[in-house]
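Dear colleague,

I am handing over the structure below, and my notes on it follow directly after. Please read them with the model open beside you.

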Amino acid sequence: MKRQFLKLALLSAGMALAGLSGTAIAQDKPTLKILVGFPPGGSVDVVARLLAERMRVSLDQNVIVENKPGANTIIAADIVATAAPDGYTLLAAATNHTMIPSLYGDRIKFDAVKSFAPLCTVAVSPTVLVVGPAFKVDTLKAFLEDVKSNPGKRSYATPGNGSGGHFATETFAKLANLKMNHIPYKGAAPAMNDLMAGQVDLSFATLASVLPMIKSGKLTALAVASPKRSFFIPDVPTFEESGISGYSADAWYGVLAPAGTPEGVLTQLQATLKQNSSDSKTLERLSSLGLEPQSICGNKFGKILRQEVDANLKLGKELNLKME
């Protein structure tokens with residue numbers, strides 16, 4: 001018995017030493033931080049934590065998520081823009097990042113494009129037009145007929161002034177020559193609550209934020225602002241199919257590094273993000289959130305950033321959108 005106990009003790013000690021060795025190896029590398037400009041629990045935060053979980057394994061180092069909410073994500077973006085360009089401080093960004101210049105102009109210290117090195121997009125959620133129980137239409141054609149017959153009377157909810165939903169709605173309104181009443185909220189949750197309660201008529205929302213309400217019948221989806229129908233709501237037509245050409249409003253989720261990060265470091269991080277995007281567990285988790293995987297990296301991602309910033313600057317000027 002003593003001999004057997006001694007063997008078990010030695011085996012346990014060996015396993016403990018092996019674990020300490022592995023920990024020491026991981027601790028030799030600095031902690032990689034992914035900053036999120038939103039509170040915990042939102043789509044960007046969930047995606048960032050999913051990435052962190054997978055990157056800990058693929059990079060063999062400690063990866064953490066830090067939430068720095070406030071000022072329409074400017075606080076988090078500024079921290080990353082001014083961080084050491086060593087690949088250890090990254091920004092979990094989303095489409096709203098490209099709206100910052102049109103809303104704040106030269107009041108921000110960083111450039112939404114030049115201050116960052118684009119890594120990869122990791123997921124996309126199309127914008128979907130949904131109506132609540134107060135708006136009795138079930139097709140985009142009926143929706144357009146109603147709004148055009150009642151200019152300025154139908155109200156649309158957004159998570160706030162200058163939000164992605166605000167820009168998406170005004171882009172569509174301009175394209176379709178519509179006049180609607182904007183009701184800004186402090187976040188997506190209260191906006192959707194009032195929409196379901198019939199306090200407002202409609203919303204251009206990311207599919208990820210309203211998929212459960214659509215599935216349960218609490219909201220009606222009329223059209224998807226994407227080049228093709230969504231896997232999650234295949235019966236809902238695109239705007240193109242419904243007669244509105246040229247309207248697309250996909251909301252992307254991606255990762256940015258500080259400008260000046262060495263090319264070799266960017267290449268390694270991009271390869272890691274691509275690998276994680278195709279991982280079966282990542283795909284399953286994204287699907288559960290109503291997100292579709294997407295991996296556009298480097299210069300191609302940078303081109304998207306530039307195009308969206310330019311388009312939003314133009315729209316912001318036309319709408320005289322400015323944030324205090």
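Cys-120 and Cys-297 are both buried, a term that here stands for under 20% relative accessible area, with exposed being over 50% and partly exposed in between (1.4 Å probe, protein chains only). This is a predicted model, in which local features need pLDDT of at least 70 and side-chain atom pairs count only at pLDDT 80 or more, while totals for chains, interfaces and linings use all residues. Residues are numbered from 1 along each chain as its sequence is written, and side-chain values use heavy atoms, with hydrogens and water left out.

Searching the whole structure gives 1 disulfide, meaning a pair of cysteine sulfur atoms within 2.5 Å. Cys-120 and Cys-297 form a disulfide with their sulfur atoms 2.0 Å apart, and it is right-handed because the torsion about the S-S bond is about 105°. Since Cys-120 belongs to strand E4 (residues 116–125) and Cys-297 to the loop between E11 and helix H11 (298–319), the pair ties together parts that are 177 residues apart in sequence. Helices (H or I, at least four residues) and strands (E, at least two) are DSSP runs, numbered from the N terminus.

Gln-270, in helix H9 (residues 263–277), is buried at a relative accessible area of 15%. Setting aside neighbours within four places in sequence, Gln-270 is in contact with Pro-118, Leu-119, Cys-120, Cys-297 and Gly-298, where contact means heavy atoms within 4.5 Å.

Leu-289, by comparison, sits in the loop between helix H10 (280–288) and strand E11 (292–293), and counts as partly exposed because its relative accessibility is 21%.

Best regards
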